[in-house]
Structures are given as C-alpha cells and as structure tokens.
Amino acid sequence: MSSSDPTVQPVPISVVEQVDAADVTLSNPKRAVISLGSNLGNRLETLQGAIDALEDTPGLRVKAVSPVYETDPWGVEPGTQATYFNAVVLIKTTLPPSSLLERGHAIEEAFERVRDERWGPRTIDVDIVAYQDVVSDDPHLTLPHPRAHERAFVLVPWNDVDPRAEVPGRGAVAGLLAAMGQEGVRVRTDLELRLPE
C-alpha cells in the first residue's frame with residue numbers, strides 16, 4: 001500500500017498521545033527490583049512515601065512490598081548513626097533503566113536526601129537492584145547493583161517477596177543468603193509497609 005493511498009489517514013497526534021498514555025501500564029512491562037533504606041527522620045513514613053511515589057510514576061506499578069528490616073549502618077562507628085529501616089519492592093515498568101534511575105533520584109531529592117558523605121545518614125536511598133536479567137557495567141547504572149549479592153539487607157527482604165529470585169550473573173538469592181547468613185538483619189514484625197491501592 002503506497003503512502004499516497006487516500007484511504008490511509010494520518011492518526012491525529014492527540015489520539016496517539018491518548019493511546020500511549022493508556023498503554024503505559026500494559027505494553028510489555030519489565031520486572032525490576034528496588035531496594036529502599038532510611039535512617040533519618042520518620043523512617044517508616046519515608047519508606048512508605050517512597051513506595052507511594054514509585055506507584056505514582058507513569059508506566060510503573062508496585063507489585064510487592066517486603067517486610068521492614070532493621071540494620072546497622074555500614075562503614076561507621078557503632079552508635080554514631082541511627083539504624084536503617086530497609087525494604088525491597090518488586091515493580092513492573094515500561095520505563096527503561098535510565099528513566100527508572102532518574103525517577104529514583106527524583107524521589108530521593110523530594111525527601112531531601114543529601115549526598116555529601118559516603119556512608120552518611122540517609123533520609124532515603126532508592127537503589128535499582130536488578131532490571132529483568134540485564135547485566136551491564138555502565139558506570140552510570142551498573143546492573144545488577146554491584147554490591148547487591150553481598151548485602152544481606154537487600155537479599156533478605158528480596159527473598160521474602162520472591163523466593164525464586166536470582167541476581168543476574170550471581171546466582172539464586174536464596175543460595176547467596178544461605179552462604180552469607182542473615183546476621184545483623186532484624187525483621188520488624190511490629191512495622192508494616194502498604195502495597196499502594
């Protein structure tokens with residue numbers, strides 16, 4: 001059919017935009033795993049706020065939320081910082097990894113995360129742990145997260161929401177956890193994060 005065929009009408013751009021907008025939650029979504037951590041302010045409220053902000057992102061749906069875990073901060077003298085609350089969320093998204101990273105940074109900024117010192121206290125940390133089975137050493141966004149496979153505070157809650165999960169290129173989450181143990185990762189059964197409506 002040639003482009004001069006008079007029966008072929010261009011689709012109005014407004015219709016295209018409506019279709020695209022309606023389709024963002026449906027068209028071939030990808031699975032991703034996001035780790036959340038907070039050790040400043042109202043930690044539980046901040047984690048829930050980050051989950052709600054993820055859910056409010058066009059082209060992203062939160063599918064599962066882990067229990068809350070409490071962990072000691074990394075790389076600092078004991079007692080000099082508050083403990084972390086950690087959780088993992090499973091999402092489905094049509095966003096590419098780079099856009100997902102930008103959204104994570106925007107959520108951190110909305111909660112006034114300050115990146116002035118390594119291992120400093122954090123209002124909120126939003127980390128992409130894995131995106132489908134993608135393995136990438138792009139310095140802007142390394143996938144899977146380069147230290148996820150050795151961090152119990154990521155693997156324990158991830159295993160809760162997906163017991164068959166694998167860290168791409170590293171093996172089964174359950175196996176990595178079995179080798180490492182869960183020391184220092186304490187479940188907080190008195191606290192709960194909600195899956196957005």
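User: How many residues line the second largest pocket, and which lie nearest its centre?
Analyst: This is a predicted model, in which local features need pLDDT of at least 70 and side-chain atom pairs pLDDT 80 or more, while totals for chains, interfaces and linings use all residues. Residues are numbered from 1 along each chain, and side-chain values use heavy atoms, without hydrogens or water. The second largest pocket has 17 lining residues, and Arg31, Ala32, Val33, Leu90 and Asp162 lie nearest its centre. (A pocket is an open set of points on a 1 Å grid where a 1.4 Å probe fits, with protein on both sides within 12 Å along at least five of seven lines; lining residues have an atom within 4 Å of a point.)

User: And what kinds of residue form that lining?
Analyst: The lining holds 10 nonpolar, one polar and six charged residues. Asp, Glu, Lys and Arg count as charged; Ala, Val, Leu, Ile, Met, Phe, Trp, Tyr, Cys and Pro as nonpolar; the others, Gly among them, as polar.

User: Which elements give two or more residues to it?
Analyst: They are β1 (30-38), β2 (60-65), β4 (84-93) and β5 (125-131). Strands are DSSP runs (E, at least two residues), as are helices (H or I, at least four), numbered from the N terminus.

User: New topic: which residues does the cis peptide bond join?
Analyst: The cis bond joins Leu143 and Pro144, with omega about -10°. Pro144 is in the loop between β5 and α4.

User: What about the phi of Gln132?
Analyst: Gln132 has a positive phi of about 50°, although it is not a glycine. Gln132 is also found in the loop between β5 and α4.
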